[in-house]
Amino acid sequence: MSQINPYLTFNGNCLEAFNFYKSVFGGEFTAVQKYKDMPPSEEFKIDAKFGDRIMHVSLPINKDNVLMGCDSNPEYGQVIFGSNITLSFSADSKSAADKVFNSLSDGGKVVMPLADTFWGSYFGMCEDKFGTNWMVSFDKSK
């Protein structure tokens with residue numbers, strides 16, 4: 001089943017914010033990954049002083065909804081609040097991810113092309129022609 005979940009981006013206080021959301025909604029984090037845990041990459045570098053920033057965190061709100069987030073990589077600039085929300089679409093197949101990504105990015109901008117990732121997903125990011133930010137993924141383990 002496909003899903004759409006909110007993805008929030010912060011300027012270094014993501015874990016603080018998500019601990020607050022956890023106190024409000026309850027539950028436990030299903031993922032907390034830091035930038036320093038990424039394999040080395042020439043394409044996506046982050047200064048070691050930002051290694052403890054959150055690369056990804058997930059907090060299930062109920063059986064169908066997950067609040068997700070990360071800290072920005074300061075090398076790409078600071079987050080402007082109001083534009084720090086991305087919609088995350090989880091497809092039920094690789095072909096569905098391709099179709100949705102290609103449709104959303106048509107007339108918009110590809111930020112990160114769909115590709116296999118080190119965390120096991122087929123994943124990409126784009127901005128649609130209306131300025132909405134999207135993450136599209138297919139979890140290959142399902």
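1. Asp64 has a relative accessible area of 34% and is therefore partly exposed; the classes used here are buried for under 20% relative accessible area, exposed for over 50%, and partly exposed in between, with a 1.4 Å probe and protein chains only. Asp64 forms a salt bridge with Lys63, and the closest N and O atoms are 3.4 Å apart. A salt bridge is defined as a side-chain nitrogen of Lys or Arg within 4 Å of a carboxyl oxygen of Asp or Glu. Lys63 itself is exposed, at 76% relative accessible area.

2. The model is predicted: local features need pLDDT of at least 70 and side-chain atom pairs count only at pLDDT 80 or more, while totals for chains, interfaces and linings use all residues. Residues are numbered from 1 along each chain as its sequence is written, and side-chain values use heavy atoms, with hydrogens and water left out.

3. Asp64 is also one of the contacts of Met1, the others being Ser90 and Asp92, when neighbours within four places in sequence are left aside. Contact means heavy atoms within 4.5 Å. Met1 lies in the segment before β1 (3-10) and is exposed, with a relative accessible area of 76%. Between Met1 and Tyr21 there are 26 Å in space, C-alpha to C-alpha, and the two are 20 residues apart in sequence.

4. The protein has 2 helices and 8 strands, arranged from the N terminus as β-α-β-β-β-β-α-β-β-β. Its radius of gyration is 15 Å, close to the 14 Å that the globule rule gives for 142 residues, so the protein is as compact as a globular protein of that length. The radius is taken over C-alpha atoms, and the rule is 2.2 Å times the number of residues to the power 0.38. Helices (H or I, at least four residues) and strands (E, at least two) are DSSP runs, numbered from the N terminus.

5. Along the principal axes, the C-alpha atoms fill a box of roughly 35 × 35 × 30 Å. Of the 142 residues, 36% count as buried. Among contacts with a separation of 6 or more, 56% are accounted for by residues 24 or more positions apart. The protein exposes about 8,400 Å², and carbon and sulfur atoms supply 55% of that area. Accessible areas come from the Shrake-Rupley method with a 1.4 Å probe, and for residues only the protein chains shown count as cover.

6. Which residues make up the largest nonpolar core? This core has 11 residues in all: Phe89, Ala91, Ala97, Phe101, Leu104, Leu114, Tyr122, Cys126, Trp134, Val136 and Phe138. Two or more residues each come from β5 (85-91), α2 (94-105), β7 (121-127) and β8 (133-139). Apart from this core lies another, of 10 residues, among them Leu8, Phe18, Tyr21 and Val57. A nonpolar core is a set of buried Ala, Val, Leu, Ile, Met, Phe, Trp, Tyr and Cys residues joined through side-chain atoms within 4.5 Å.

7. Not counting residues up to four places away in sequence, Phe101 touches Val110, Met112, Pro113, Leu114, Gly124, Met125, Cys126 and Val136. Ser137 belongs to strand β8 and is buried, at 13% relative accessibility. Beyond its neighbours within four places in sequence, Ser137 is in contact with Phe89, Ser90, Ala91, Ala97, Tyr122 and Phe123.

8. How many salt bridges are found in the whole structure? The search finds 5. Side chains of opposite charge can pair when their charged atoms come close. One of the pairs is Lys34 with Asp52, whose closest N and O atoms are 3.8 Å apart. Lys34 lies in strand β2 (residues 31-34) and Asp52 in the loop between β2 and β3 (54-60), so this pair ties together parts that are 18 residues apart in sequence. Lys34, Lys36 and Asp52 are linked in a network of salt bridges.

9. Another salt bridge joins Lys22 and Glu28, with the closest N and O atoms 3.4 Å apart. Lys22 is partly exposed at 24% relative accessibility, whereas Glu28 is exposed at 55%.

10. On the surface, Phe20, Val24, Phe25 and Ile61 form a nonpolar patch with about 380 Å² of accessible area together. Patches are made of residues with over 30% relative accessible area and no salt bridge, with like charges joined within 9 Å and nonpolar side chains (Val, Leu, Ile, Met, Phe, Trp, Tyr) within 5 Å. Phe25 is placed in helix α1 (residues 14-25) and counts as partly exposed, at 48% relative accessibility.
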